[in-house]
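Here are some friendly notes to read alongside the model. Please keep the viewer open as you go through the points.

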Amino acid sequence: MVLFDPSALHSFILSKYVEDQKITMLPMRKPIIVSSPGRELKAYHICPKVSLDIKGVHFEANLIILELSDIDVILGMGWLSACKGVIKNAQHSVLLTTPS
């Protein structure tokens, strides 16, 4: 499950999903503190250049590993901006510019 979150500064991935899918992770130079509703989380690792397939189009994202709940990936404002993403709430859709 993926959440497009324009209020998130970074993009994130569920730690269990990283383990299950055997995604490469690297330690971050400095851990970051992420404010989540009701708590703060510390992140120590990142998964660089994770391949995302959205409707048959290849995208990449640098995803910070967090102990999330039911969401596998959160794509934040930085990723959306890089893809010139537009969230259309009324239409329940997300428009993205392809990398090519």
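1. A word on terms comes before the fold: helices here are DSSP runs of H or I with at least four residues, strands are runs of E with at least two, and both are numbered from the N terminus. Counted that way, this predicted model has 2 helices and 8 strands. Starting at the N terminus, the order of elements is β-β-α-β-β-β-β-α-β-β.

2. On overall dimensions, the radius of gyration is 14 Å, which agrees with the value near 13 Å that a compact globule of 100 residues would have. Along the principal axes, the C-alpha atoms occupy a box of roughly 35 × 30 × 25 Å.

3. Next, packing and surface. Of the 100 residues, 31% are buried. If you take the contacts between residues at least 6 apart in sequence, 52% of them join residues at least 24 apart.

4. How are the charges arranged? The protein carries 10 positive and 9 negative side chains, and the centres of these two sets are 8 Å apart.

5. Please have a look at the backbone of Lys22. This residue is not a glycine, yet its phi is positive, at about 55°. Lys22 sits in the loop that links α1 (15-21) to β3 (26-36). Its relative accessibility is 72%, so Lys22 counts as exposed, the cut-off being over 50%.

6. Lys49 belongs to a strand, β4 (residues 39-54). With a relative accessible area of 61%, Lys49 is exposed.

7. Where does His10 lie, and what does it touch? His10 is found in the loop between β1 (2-4) and β2 (12-14). Leaving aside residues up to four places away in sequence, His10 touches Ile32, Ile64, Ile74 and Gly76.

8. His10 and Lys49 are 39 residues apart along the chain, and their C-alpha atoms are separated by 14 Å. On one side of that pair is a loop residue, His10, and on the other a strand residue, Lys49.

Definitions and conventions. Residues numbered from 1 in each chain as written. Predicted model: local features only at pLDDT ≥ 70, side-chain atom pairs only at ≥ 80, totals over all residues. Heavy atoms only, no water. Rg over C-alpha atoms; globule rule 2.2 N^0.38 Å. Buried < 20%, exposed > 50% of the residue type's maximum accessible area, 1.4 Å probe, protein only. Contact = heavy atoms within 4.5 Å. Lys, Arg positive; Asp, Glu negative; His and termini not counted. Charge placed at Lys NZ, Arg CZ, Asp CG, Glu CD.
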